[in-house]
Amino acid sequence: MPLFLLDRDGVVVVNRKDNIKAPAGLKLIAGAAEAIARLNGAGFDVAICTNQPEVARGAMSQAELDAVHEALTSMLAAKGARIGRILCCTCECKTPRMKPAAGMLREALATYGARAADTPFVGDQVDDLKAAFHAGCPRILVRTGLGRRALEDGLPQYVEPVAVHDDLAAAVDAHLRNLAGRRDISPGP
Ligand SMILES: [Mg+2]
């Protein structure tokens, strides 16, 4: 089954300056759940790769983070959207697993037996694009969350090409349209 990888904050849920420490802090970005449901409908597994250093900093516990993710999974399921694994890096200092390194994305690819080149990663920060680059995944930046600011600051040349879309819904629609287009031009049996 093909795989689609998403950052969490600024892509699926609205960023909070004080981070999301409890289910009450979760607010879905408009259209995100419906976009994930469209991916599921097109046969995609969808997983999340998120840095959550607040745990190592002691600002929240692993149990609180788990509760947030259980609630997020339920909120999405209520809208017909199925999220598989939510991979988290809860370290505070840079590790090979933490974005902008590729470890967490590679772990997701291995878990699902997916090919990097066929697995887009959608993020709202340059570190997401760097992690996707190092993992060999196609890179998508959305303007939600911190995405607009990332574009204003400029993207490093080496992470190009980057597909830029207004939000996850637009990114998913463009991807599914592309796939359908490729099927149309492929030679028949
Ligand atoms: Mg983000």
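Leaving out neighbours within four places in sequence, L76 is in contact with A33, I36, A81 and I83. L76 belongs to helix α3, which spans residues 62-78. The model is predicted. An open sheet of six strands runs through it, in the order β3-β2-β1-β4-β5-β6 and with parallel pairing.

- L76 counts as buried because it has 22 C-beta neighbours inside 10 Å, and the cut-off for buried is 20 or more.
- One of the contacts of L76 is A33. Helix α1 covers residues 32-41.
- S61 lies 15 residues from L76 in sequence. In space, the two are 23 Å apart, C-alpha to C-alpha.

- The edge strands are β3 (86-89) and β6 (162-165). Each of them pairs on one side only.
- From one strand to the next, the twist averages 20 degrees.
- Strands in a sheet pair through backbone hydrogen bonds, either parallel or antiparallel. Here the pairing is parallel.

- Strand β2 takes in residues 45-51 and is mostly covered. Seven of its seven residues are buried.
- β1 and β2 run parallel, joined by four bridges. Across this pair, L3 stands opposite D45 of β2.
- Between β1 and β2 the chain passes through helix α1. This β-α-β crossover is right-handed.
- β2 and β3 also run parallel, again with four bridges. In β3, I86 stands opposite I48.

**Strand β1 and strand β4**
- β1 (residues 3-6) and β4 (residues 121-123) run parallel. Two bridges join them.
- L5 has F121 of β4 as its bridge partner.

**Helix α7 on the sheet**
- Helix α7 (residues 168-185) packs on the sheet. The strands touched by α7 are β4, β5 (139-142) and β6.
- The direction of α7 makes about 125 degrees with that of β6.

**Points to check in the viewer**
- Which residue stands opposite I48 in β3? I86 does.

Terms used. Residues numbered from 1 in each chain as written. Predicted model: local features only at pLDDT ≥ 70, side-chain atom pairs only at ≥ 80, totals over all residues. Pairing = 2+ DSSP bridges. Axes fitted to C-alpha atoms, helices over the stretch in contact; angles between N-to-C directions. Contact = placed C-beta atoms within 7 Å. Buried ≥ 20, exposed ≤ 12 C-beta atoms within 10 Å, placed from the backbone. Right-handed = clockwise from strand over helix to strand, strands pointing away.
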